[in-house]
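Work through the following exercises with the sequence and the structure side by side. Try each task on your own before you read its solution.

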Amino acid sequence: MTSIWLDEVAPDNRPPLEQDTSADVAIVGAGIAGIATAYHLARAGVKAVVLEARTVAEAASGRNAGFLLAGVAENFVAATRRYGADRALRIWRFTRHNQDLVREIVARERIACDLAWNGSAQIAGDDEEWREVRESADLLGKESVRVRIVPDERAAIYEDDGEFHPVRYVRALAGAAIASGARIHGGTRAIAVTNGEVRTDRARVRSGAIVVCVNAYSQHLVPVRVRPVRGQMLATAPVARRVFERPAYANRGYRYWRQRADGRLLVGGWRDTAADEEVGEEERTTPRIQGQLERFLRDRCPEANVTHRWAGTMGFSHDALPYVGRLQSGVFVNVGFTGHGMAFATATGELIADLVRDKKRSETDLFAPDRP
């Protein structure tokens with residue numbers, strides 16, 4: 001079934017690439033990563049062409065919850081344990097930069113995407129997580145992060161987090177990239193990538209650099225450590241009362257929900273209850289996960305009418321951080337967002353646009369494709 005986001009927008013009819021062409025940079029994939037990369041390159045005067053097998057934002061970028069959160073899916077204490085204190089804080093600051101970039105771009109390009117900054121709730125699923133949520137709030141509060149604890153909800157409220165309509169954002173960003181000189185071709189599947197050339201099902205693109213931005217589908221084109229994982233969601237018709245005050249991430253990011261300004265409820269996740277099944281590239285819903293989403297919904301809002309159910313395929317990296325940088329001579333990647341693409345990709349698009357142009361950036365070690 002189509003996601004609510006894709007169901008609410010007009011069809012995206014970018015013409016396919018029918019004949020050989022050339023560009024300074026060829027970008028494979030027109031989700032948020034590919035489009036953000038094209039946008040930043042085009043604004044820098046680089047001639048970029050984007051190749052998309054389907055339509056702009058039709059894959060994972062059009063099948064998520066539309067959260068703009070800072071940090072990774074888990075709490076900051078868990079991130080510190082995994083990456084070390086310095087790296088975890090640098091990652092947090094990078095995602096805050098991503099939020100700032102989205103805010104700036106939406107204002108500059110006058111993008112109508114229902115962007116709102118209502119904060120988010122990070123909710124503990126057990127006692128250990130609740131201890132970490134409280135400690136995370138204390139640590140980040142010392143970094144001037146606006147966060148407060150709500151003991152009754154076993155939650156930390158991060159006041160500066162946001163939400164938006166992801167498809168409207170990405171497609172408007174694509175329009176802005178085109179206005180700055182980029183070309184975007186839909187219905188054009190890349191079948192091979194080599195140094196200086198992308199081969200599609202109809203034509204070839206010669207370019208000085210290639211950026212692969214196909215996330216879950218990366219291993220079809222390049223040797224990178226990305227595995228496809230399925231996520232599922234549902235959405236309802238508008239509900240008159242306020243059920244959820246702000247977007248929420250719970251149980252270490254495995255469960256999430258929000259209520260839009262129009263009253264519609266969105267619930268997603270629960271894949272941890274069927275981890276062995278929620279893998280692969282097939283975008284299909286399952287009774288097991290959908291049943292759990294609906295039970296949660298009925299517990300909070302029995303009167304809600306489900307209108308949409310959908311699935312999307314996410315690209316998971318080995319350590320939950322994206323791979324952004326040079327993979328081999330002339331070939332770069334911007335992939336592996338591990339279900340958190342909206343939190344990273346506007347800024348990783350800026351990062352990869354700089355790296356392609358040989359500009360030095362301090363964050364390259366965080367996301368290097370060959371990191372341990």
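Two strands are said to pair if DSSP finds at least two bridges between them. The model used in these exercises is a predicted one.

**Exercise 1.** Describe how strand β6 (residues 155-158) is paired, and find the residues that stand opposite I157.

*Solution.* Begin with strand β4 (residues 120-123), which pairs with β6 in the antiparallel sense over four bridges; here A121 stands opposite I157. Next take strand β5 (residues 147-150), which is also joined to β6 by four bridges and runs antiparallel to β6, with R148 as the bridge partner of I157. The hairpin of β5 and β6 has four residues between the strands, and in this hairpin R154 takes a positive phi near 50 degrees. Finally, look at the side chains: A155 and I157 point one way from β6, A156 and Y158 point the other way, and all of them are buried.

**Exercise 2.** Decide whether α4 and helix α8 (residues 341-356) are roughly parallel or roughly perpendicular, and describe their contact.

*Solution.* Two packed helices are described by the angle between their axes and the distance between the axes. The axes of α4 and α8 come within 8 Å and cross at roughly 85 degrees. Angles of 65 to 115 degrees count as roughly perpendicular, and α4 and α8 are therefore roughly perpendicular to each other.

**Exercise 3.** Follow helix α3 (residues 76-83) from its N-terminal end to the residue after the helix.

*Solution.* At the N-terminal end, N75 caps α3, with a side-chain oxygen 3.1 Å from the backbone nitrogen of V77. Within the helix, the buried residues are F76, V77, A78, A79 and Y83, and these pack against α4 (85-109) and α5 (127-141). After α3 comes G84, whose phi is positive, near 95 degrees.

**Exercise 4.** Are R371 and R284 buried or partly exposed?

*Solution.* The cut-off for buried is a relative accessible area under 20%, and partly exposed lies between that value and 50%. R371, in the segment after α9 (364-367), has a relative accessible area of 6%, so R371 is buried. Its side chain makes a polar contact with the side chain of D319 (2.7 Å). R284, in the loop between β15 (265-269) and α7 (287-300), has a relative accessible area of 38% and is therefore partly exposed. The side chain of R284 makes a polar contact with the side chain of E282 (3.1 Å).

How values were computed
Residues are numbered from 1 along each chain as its sequence is written. This is a predicted model: local features need pLDDT of at least 70, side-chain atom pairs count only at pLDDT 80 or more; totals for chains, interfaces and linings use all residues. Side-chain values use heavy atoms; hydrogens and water are left out. Buried means under 20% relative accessible area, exposed over 50%, partly exposed in between (1.4 Å probe, protein chains only). Helices (H or I, at least four residues) and strands (E, at least two) are DSSP runs, numbered from the N terminus. Contact means heavy atoms within 4.5 Å. A polar contact is a pair of N or O atoms within 3.5 Å; within protein, one must be able to donate a hydrogen and the other to accept it, and residues adjacent in sequence count only if both atoms are side-chain atoms. Axes are lines fitted to C-alpha atoms, for helices over the stretch in contact, and angles run from 0 to 180 degrees between N-to-C directions. Angles under 35 degrees count as roughly parallel, over 145 as roughly antiparallel, 65 to 115 as roughly perpendicular and the rest as oblique.
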